[in-house]
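User: Please take a close look at one part of the surface and tie what you find there to its surroundings in a single connected account.

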Amino acid sequence: MSRVFGVALMLAPALVVIGVIFAGGLVLGLSQSLGYMPIIGQYGFGLQAYVELLSRPGFVRSLVLTLFVSITATVLAVALAVATALTLRKRFRGKKLVSFVYQFPLTIPHLVIAVGFLLLISQSGLLARAAYAVGLIRESSQFPILVFDDFGLGIILVYVWKEVPFIGLIALAVLQSLGEDYEEQARTLGAGRWQTFRHVLLPLILPGILPGSIIIFAYVFGAFEVPYLLGKSFPSMLSVLSYRLYIDVDLAARPQAMAMSILIALFVLLLVVLYRRLARRLVRSGG
Amino acid sequence: MNTARGQVSGTNKPRGRLRDLEELRGCPACVRVLRWAVLGGILLGVVLPFVPLILWSFSQKWFFPALLPPETTARAWRYVLSPDSGVLTALGNSVAIALIVTVVNVALGVPAGRALGTVRFGGKGLISSYRDWRC
């Protein structure tokens, strides 16, 4: 009996915070999305905001863009993380320096690096100036559009930059705990480098990094500041659309903003469930 | 797919992409070049976005075709470090908030982690959803 009490006591503080802030916010958002806003004299419950939102001309494009950006950023980050982790686990001169630089992005705020990339890859950015200096382009408009573009390329770049070390450090930890025995065994049996990676190392790393990739995916799907800074105004990512509806001077747009947020949460939940299924199958089939 | 697995190299050459990679195996120089390319890519990729940030912080009028700022000035830095800008106060606020958040997080998270990690009880899976994320 006292043990049950002890467990409850240890869990209570965390659960209260999660319950009040997270669940409370969700309930408030849900009720506002259903049109319950006493502050402007609306007490009814209905799905009107959802219908209006889904029939907005830009909604589907925003959804597609958001999916594209979050999936691409996750896949690229995982691929680069595995490639870099495989290289970094070996001994070489200057390893300390490279490892330090590698982890550096973890400490940099998204906002700072978004501005850095803006000054680097925009049409008047440093890369465009370098291209002009070597004669590749003759005016800034000839430089490819990488920010405020249709595909969110700048946004993807920032998230990849930021999340590669996150996944990479997990992969490195797994690789280091494995040691070199499995690899040597595979090589002794005649497997090539690629075969050793594909059939031995990758299946051993994947279970470790897939949860991390789910976190990145869910994060990018709902993230706001980078798409807000580097994204086109139309179509914008879902989070930016939600923010615009939220700050609309017309308070009647508030239910739509809330409906948008609820939909983002539901999408993420649904996609994470699907992703987990896929990942499990991938792991069982040996990568 | 797995036809080449277990074959002793040299006896039965695998075809296509695998053959290319088999050849890579016999090419330690290629592997070394690849490794240095990856390491160089890491260094360059991480540092590059900071270069324009730093350059801009020392420049005033720096228009398009100029690769480097035509004149450098510490004006922006003097402003940031002067008390009028409020940056130092804001920095203090950020540090204070970060410290408070860390302390509160540890205070809330460690007991919960202990409960979830060391004791078995009903409904645990529901609370610790990370367990279900493992694949």
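Analyst: L91(B) counts as exposed, at 52% relative accessibility, where exposed means over 50%, buried under 20% and partly exposed in between, with a 1.4 Å probe and protein chains only. This is a predicted model, in which local features need pLDDT of at least 70, side-chain atom pairs count only at pLDDT 80 or more, and totals for chains, interfaces and linings use all residues. Residues are numbered from 1 along each chain as its sequence is written, chains are lettered from A in the order in which they are written, and side-chain values use heavy atoms, without hydrogens and water.

L91(B) sits in helix α5 of chain B, helices being DSSP runs of H or I with at least four residues, numbered from the N terminus. Together with I54(B), F58(B), W77(B), L81(B), L88(B), V95(B) and L99(B), L91(B) makes up a nonpolar surface patch with about 790 Å² of accessible area, by the Shrake-Rupley method with a 1.4 Å probe. Such a patch joins nonpolar side chains within 5 Å, from residues with over 30% relative accessible area and no salt bridge. At least two residues of the patch come from each of α4 (75-81) and α5 (87-118) of chain B, and α5(B) gives the largest share, four residues.

As for salt bridges (a Lys or Arg side-chain nitrogen within 4 Å of an Asp or Glu carboxyl oxygen), there are two over all chains. In one of them, R89(A) meets E183(A) at 2.8 Å, N to O, and this pair links a loop between α3 (59-88) and α4 (95-103) to helix α8 (residues 181-188) of chain A, 94 residues apart. R89(A) is buried at 17% relative accessible area, and E183(A) is buried at 15%.

Key
Patches are made of residues with over 30% relative accessible area and no salt bridge: like charges are joined within 9 Å, nonpolar side chains (Val, Leu, Ile, Met, Phe, Trp, Tyr) within 5 Å.
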